[in-house]
Amino acid sequence: MQLDTRVSGKTVLTGLIGNPIEHTVSPVLQNSLFSMMGIDGIYIPVKVPDGMLEDAVNGLKASGFTGFNVTIPYKEDVLRFLDEINEEVELLGAANTIRCSGDKLYGYNTDGDGFLRAFREQTGGGFEGKLVGILGAGGTARALTAKIATVGAEKVTVINRTPERAQELSLNVNRVLEAKGYGKITGHVALDSKEAADALEECDVIINTTSAGMYPKVDNSPLSDDFKFRREQIVYDVIYNPAETKLLAHAKKSGCRTANGAGMLFYQGVRAFEIWMGIDIPGNKLRDLSSEFIKYLAE
Ligand code: NAP
């Protein structure tokens, strides 16, 4: 029998805490990144039961972990244990990546950066001077709204089924952005309103952050079948299962450039790895892994 010598006392330890974690694809990505970069490291998912978050965080810190990801339901709660957070975490009130250094814990949120890198790569587009419509007002909408508003968009309109949530998101993001000198960039309207139809019509980029259309409810879409896209619009769906949602099929049929959330998932993980390892991985080095990972997601 061949001995397995992959893990030793010198192996860099990283991981994920959350509950549930059974369906996570992050170990495939992170362990592949370690292999690809030739780094002796490992990424282990850890299911943390209700009420055990503090013990889990202290345990990872005491065990010499270099860093770890945080997923549902601990992204907000974990902030209590962090020594420093970056601007993004402050704005979002949630962290998905923690770096351990000495006896300190540093919090980051990589969703915005991951989305931005994926959007540029998948669509070839950017946000400078653009009108952007965000469908949804949950955690993902907040991360993307805040990010897009800081990279030169002219206006970001948050469009949600429950209008109060869109309003709250938009007001919160505007408040923080204005305090940082970005100006008032976000607005809000109710989905299924005349205002939403008008706002969507003039958007350069439409981004779905709702879960409408996600497997298994693949016949759902946040926009009705008679919605008319303009062919110049770019339509991005953060959902990656299915690879082509009903919304994306609709937009593609109208001649729009479209992309799904597989790239975002890939790059938010890459960003976490870069933070832990203190490196930037150039795009050309990631090309093969990115296509293998996207194939794996589609299986
Ligand atoms: P969330 O906080 O629960 O928010 C869900 C949003 O979807 C809410 O705005 C909700 O509207 C809206 N919604 C749900 N069903 C709808 C329907 N049938 N019609 C219209 N709107 C509907 O969720 P989240 O954490 O932001 O995640 C949202 C999606 O993003 C999920 O599909 C998730 O898998 C995906 N995601 C992808 C990535 C990636 O890397 N690609 C990363 C994170 C999340 P109400 O406010 O009216 O309820």
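This briefing covers the ligand's surroundings and the aromatic side chains of the structure above. The model is predicted.

**Around the ligand**

**Contacts with ligand oxygen atoms**

- A137 uses its backbone: an N or O atom there lies 2.9 Å from an oxygen atom of the ligand.
- T140 uses its side chain, where an N or O atom is 2.8 Å from a ligand oxygen atom.
- R165 places a polar side-chain atom 2.8 Å from an oxygen atom of the ligand.
- On its own, the ligand has 940 Å² of accessible area, and the protein covers 75% of that.

**Aromatic side chains**

- F266 and F293 make up a tilted pair, with 5.9 Å centre to centre and 40 degrees between the planes.
- F266 lies in helix α9 and F293 in helix α10 (residues 283-298), so their pair ties together parts that are 27 residues apart in sequence.
- Both F266 and F293 are buried.
- One aromatic cluster is formed by F115, F119, F127 and Y236.

**A charge over a ring**

- R99 has its charged end over the ring of Y106, 4.5 Å from the ring's centre.

Key. Residues are numbered from 1 along each chain as its sequence is written. This is a predicted model: local features need pLDDT of at least 70, side-chain atom pairs count only at pLDDT 80 or more; totals for chains, interfaces and linings use all residues. Side-chain values use heavy atoms; hydrogens and water are left out. A polar contact is a pair of N or O atoms within 3.5 Å; within protein, one must be able to donate a hydrogen and the other to accept it, and residues adjacent in sequence count only if both atoms are side-chain atoms. Accessible areas come from the Shrake-Rupley method with a 1.4 Å probe; for residues, only the protein chains shown count as cover. Rings of Phe, Tyr and Trp (its six-membered ring) pair if their centres lie within 6.5 Å; planes under 30 degrees apart count as stacked, over 60 as edge-to-face and the rest as tilted. Helices (H or I, at least four residues) and strands (E, at least two) are DSSP runs, numbered from the N terminus. Buried means under 20% relative accessible area, exposed over 50%, partly exposed in between (1.4 Å probe, protein chains only). A charge sits over a ring if NZ of Lys or CZ of Arg is within 6 Å of the ring centre and within 35 degrees of the ring normal.
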